[in-house]
Amino acid sequence: MPHPPNEEPLRVAVMGAGAVGCYFGGLLARAGHDVVLIGRPEHVRAIEAHGLRLQTRTFDEHVRLRASTDAAAVQGAGLVLCCVKSGDTEAAAQAMHAHLAPQALLLSLQNGVDNAERLRALLPQPVRAAVVYVATEMAGPGHVRHHGRGELVVEPGPGGDDWAEALRAAGVPVEISADVHQALWVKLILNCAYNAISAIGQVPYGRMLAVEGVAETMQQVVRECVAVARAEGVAVPADIDTTVRGLAGSMPQQRSSTAQDLARGRPSEIEHLNGHVVRRGQAHGVPTPANQVLLTLVRLLEHERRVA
């Protein structure tokens, strides 16, 4: 699926090329764009040796593209997909700062609701928030497995939208929407409802809901998140409960990113998910006991893995 011959290929850098970054970067490279993945040494070595194995529901291919462990590899890129963990946002911005082209556009493809703002605080380049709906995992070094979905909702802003057409042509549905802040909160609520429970039980979404009490716990988490969102001035859609229930059906085999992090002994993003809701709830005087319990249990699991 190469790009049309009368169009220049995009130069794309993926900062933090884990499962999400490898998936979208791999699709762009497969479509003929010039992509470099910036990620962990074991993935870089595998990609340099064999290409990126991109395993989806419709194809399983090795895609040739560049890979590096060095943030300086963003040099010359017109589009940068920022996919680092939320806790690494400032460090990534500082590492990229001296190497970014002046007019490079950064898309924040990250969990949480404030990463684009944190990037803008440190970088002069245009930054746009994106909401990512995709089920992926790193199945091994240089091997990304896609379980379902794969669309982006991106806020309007500077930097033009030619990149959006390139992504659509590569097989990525892209919507430009002024309601991204609301969509980020909806995604945050989904993450708060699913991620910690999937991580604590090390179970995929489809099996979680078969356990007595899980659905009720998730409902309580959602109610707290909605109350905090309203206190923040965010209007959460009235059908949020239906949206939350529907995720397990659309991604039944997906383990949360938090579950994957814990299984690999890596820090999770829980502080930017349930932790964000707890902190903002405290700021507004909104009780968040269910989110607090899930946050504490994941912190406990992380602590035990660190000291083991």
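User: Which residues is Leu 54 in contact with, leaving aside its neighbours within four places in sequence?

Analyst: One note before the list: this is a predicted model. Leu 54 touches Tyr 23, Gly 26, Leu 27, Phe 59, Asp 60, Glu 61, Val 63 and Val 144. Leu 54 itself sits in strand E3, residues 52–55.

User: Why is Leu 54 called buried?

Analyst: Buried means under 20% relative accessible area. Leu 54 has 0%, so Leu 54 is buried.

User: How far apart are Leu 54 and His 146, in sequence and in space?

Analyst: Along the sequence, 92 residues separate them. In space, their C-alpha atoms are 7.8 Å apart.

User: What makes Tyr 23 and Phe 24 an edge-to-face pair?

Analyst: Take two steps. Ring centres must lie within 6.5 Å to pair, and planes over 60 degrees apart count as edge-to-face. Here the centres are 5.1 Å apart and the planes are at 70 degrees, so the pair is edge-to-face.

User: How many aromatic pairs does the structure hold?

Analyst: It holds 2. Besides Tyr 23 with Phe 24, Tyr 194 pairs with Tyr 205.

User: Why is the pair of Tyr 194 and Tyr 205 called tilted?

Analyst: Under 30 degrees would be stacked, over 60 edge-to-face, and the rest is tilted. The planes of Tyr 194 and Tyr 205 stand at 55 degrees, with 4.7 Å centre to centre. That makes the pair tilted.

User: What does the pair of Tyr 194 and Tyr 205 tie together?

Analyst: Tyr 194 lies in helix H6 and Tyr 205 in helix H7, so the pair ties together parts 11 residues apart in sequence. Tyr 194 is buried at 0% relative accessible area. Tyr 205 is buried too, at 5%.

User: Where is Arg 149, and what is its phi?

Analyst: Arg 149 is in strand E9, residues 143–154. Its phi is near 55 degrees, which is positive, and Arg 149 is not glycine. At 35% relative accessibility, Arg 149 counts as partly exposed.

User: Why are H6 and H11 called roughly perpendicular?

Analyst: Angles of 65 to 115 degrees count as roughly perpendicular. Helix H6 (residues 180–201) and helix H11 (residues 274–284) pack at about 115 degrees, with their axes 9 Å apart. They are therefore roughly perpendicular. H6 brings Trp 185, Leu 188, Cys 192 and Ala 196 to the contact, while H11 brings Asn 274, His 276 and Val 277. These contact residues divide into 5 nonpolar, 2 polar and no charged.

User: How do you know that the span of helix H8 agrees with its 18 residues?

Analyst: At 1.5 Å a residue, helix H8 (residues 214–231) should span 26 Å. Its end C-alpha atoms are 26 Å apart, so the two agree.

User: Which residues of H8 are buried, and what do they pack against?

Analyst: The buried residues are Val 214, Met 218, Val 221, Val 222, Glu 224, Cys 225, Val 226, Val 228 and Ala 229. They pack against H6, H7, H9, H11 and H12. Just after H8, Gly 233 has a positive phi of about 85 degrees.

User: Why is Leu 79 called buried?

Analyst: The cut-off is under 20%. Leu 79 has 2% relative accessibility, so Leu 79 counts as buried. Leu 79 lies in strand E6. Its contacts beyond four places in sequence include Leu 10, Arg 11 and Trp 163. Leu 79 and Arg 11 are 68 residues apart in sequence, and 6.5 Å apart from C-alpha to C-alpha.

User: Is Asp 88 buried or partly exposed?

Analyst: Asp 88 has 40% relative accessibility, so Asp 88 counts as partly exposed. Asp 88 is found in the loop between strand E6 and helix H3.

Terms used: Residues are numbered from 1 along each chain as its sequence is written. This is a predicted model: local features need pLDDT of at least 70, side-chain atom pairs count only at pLDDT 80 or more; totals for chains, interfaces and linings use all residues. Side-chain values use heavy atoms; hydrogens and water are left out. Axes are lines fitted to C-alpha atoms, for helices over the stretch in contact, and angles run from 0 to 180 degrees between N-to-C directions. Helices (H or I, at least four residues) and strands (E, at least two) are DSSP runs, numbered from the N terminus. Angles under 35 degrees count as roughly parallel, over 145 as roughly antiparallel, 65 to 115 as roughly perpendicular and the rest as oblique. Contact means heavy atoms within 4.5 Å. Ala, Val, Leu, Ile, Met, Phe, Trp, Tyr, Cys and Pro count as nonpolar, Asp, Glu, Lys and Arg as charged, and the others, Gly among them, as polar. The expected span of a helix is 1.5 Å times one less than its number of residues. Buried means under 20% relative accessible area, exposed over 50%, partly exposed in between (1.4 Å probe, protein chains only). Rings of Phe, Tyr and Trp (its six-membered ring) pair if their centres lie within 6.5 Å; planes under 30 degrees apart count as stacked, over 60 as edge-to-face and the rest as tilted.
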